[in-house]
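Hello,

Here is the structure I promised to pass on to you.

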Amino acid sequence: MKPKVIVVMPAYNAEKTVARTVADIPPQSADEIILVDDCSKDQTVPIARQLGLTVIQHEKNLGYGGNQKTCYAAALKAGADIVVMIHPDYQYDARLVPYLTGLLKDDICDVVLGNRIRTRQEALGGGMPAYKYISNRFLTAAENFSMGQNLGEWHSGLRAYTRRVLETIPWERNSNDFVFDCEFLVQAAAFGFRLGDIPTPARYFEEASSINFQRSVRYGLESLRSIFRYYLHRAHLKRCPLFDPR
């Protein structure tokens with residue numbers, strides 16, 4: 001039986017880019033697209049509805065992680081076998097959906113990410129700020145070493161998961177902030193899921209969402225803290241509910 005693929009989009013003020021993002025998703029590669037709007041102040045919702053997307057609106061802003069929680073809960077409820085998360089800000093190449101899902105359908109990986117850092121020249125040439133490139137490299141190296149992985153990038157907003165991953169990892173307990181993404185990968189590695197990635201172009205431009213330097217520093221520290229919490233949990237020194245299975 002063909003697995004049901006659902007694309008989820010955690011959206012906030014994406015009126016200028018959501019149509020371009022959706023247009024790039026190859027025909028027949030997704031059975032449904034669910035956009036969760038986190039109280040946008042622009043026309044994201046009416047545009048998404050005009051595009052024929054399934055739209056869910058938050059009554060109050062829950063943050064990036066909180067948005068993803070709604071995305072995954074809705075996708076599982078809709079019967080997804082594979083869930084692809086794409087930011088609707090056109091920062092990631094939606095043409096890669098069938099490549100991401102192919103690695104899951106063929107049982108090669110359980111989690112697949114888009115890697116924006118194939119080369120330094122390509123990442124910086126795509127507009128990635130130098131400080132973000134350097135911090136991404138440092139954090140990814142530390143995370144790979146700590147969790148026994150070999151991903152090209154841990155901080156991508158283009159991801160695909162099997163249903164089993166989303167039914168096993170207690171992601172509802174994760175942060176509602178940006179560190180949700182890192183916590184999820186630490187959990188995936190801790191639970192023994194197979195992580196992989198494929199190259200994707202780096203796209204930084206005015207309409208693409210990006211956190212500022214101060215929040216980037218906070219995000220980096222919280223990412224490292226999530227690994228520290230895992231090691232404390234594994235050593236039975238301090239229990240962390242993020243690493244208790246459902």
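**What I found**

Let me begin with a charge and a ring: Arg 20 lies over the face of Tyr 90, at 4.6 Å from the ring centre. A charge sits over a ring here if NZ of Lys or CZ of Arg is within 6 Å of the ring centre and within 35 degrees of the ring normal. Tyr 90 also has the charged end of Arg 203 over its ring, 4.2 Å from the centre.

Before you go further, please note that this is a predicted model, in which local features need pLDDT of at least 70 and side-chain atom pairs count only at pLDDT 80 or more, while totals for chains, interfaces and linings use all residues. Residues are numbered from 1 along each chain as its sequence is written, and side-chain values use heavy atoms, with hydrogens and water left out.

**Strands and crossovers**

Helices (H or I, at least four residues) and strands (E, at least two) are DSSP runs, numbered from the N terminus. Two strands pair if DSSP finds at least two bridges between them. Strand S1 (residues 5-11) runs parallel to S2, and 6 bridges join them. Within this pairing, Met 9 has Leu 35 of S2 as its bridge partner. From S1 the chain passes through helix H1 (residues 18-24) to S2, in a right-handed β-α-β crossover. Right-handed means that, with the strands pointing away from the viewer, the path from the first strand over the helix to the second runs clockwise.

On its other pairing, S2 meets strand S3 (residues 54-57), again in the parallel sense, over 4 bridges. Here Ile 34 has Thr 54 in S3 as its bridge partner. S2, helix H2 (residues 44-50) and S3 form a right-handed β-α-β unit. Of the 6 residues of S2 (residues 32-37), 5 are buried; buried means under 20% relative accessible area, exposed over 50%, and partly exposed in between (1.4 Å probe, protein chains only).

**Aromatic pairs**

How many aromatic pairs does a search of the whole structure find? There are 9. Rings of Phe, Tyr and Trp (its six-membered ring) pair if their centres lie within 6.5 Å; planes under 30 degrees apart count as stacked, over 60 as edge-to-face and the rest as tilted.

One of the pairs is Tyr 64 with Phe 178, which is stacked because the ring centres are 5.3 Å apart and the planes are at 25°. Tyr 64 is in helix H3 (residues 63-77) and Phe 178 in the loop between helix H7 (163-168) and helix H8 (180-190), 114 residues apart. Tyr 64 is buried at 14% relative accessible area, whereas Phe 178, at 26%, is partly exposed.

Tyr 72 and Trp 171 make an edge-to-face pair, because their ring centres are 5.8 Å apart and their planes are at 75°. Since Tyr 72 lies in H3 and Trp 171 in the loop between H7 and H8, this pair ties together parts 99 residues apart in sequence. Tyr 72 is buried at 0%, and Trp 171 is buried at 3%.

**Positive phi**

Most residues other than glycine have a negative phi. Asn 13 is not a glycine, yet has a positive phi of about 55°; this residue is in the loop between S1 and H1 and is partly exposed at 32%. Asp 107, also not a glycine, has a positive phi of about 60°. Its place is the loop between helix H4 (97-105) and strand S5 (111-115), and Asp 107 is exposed at 51%.

Best wishes
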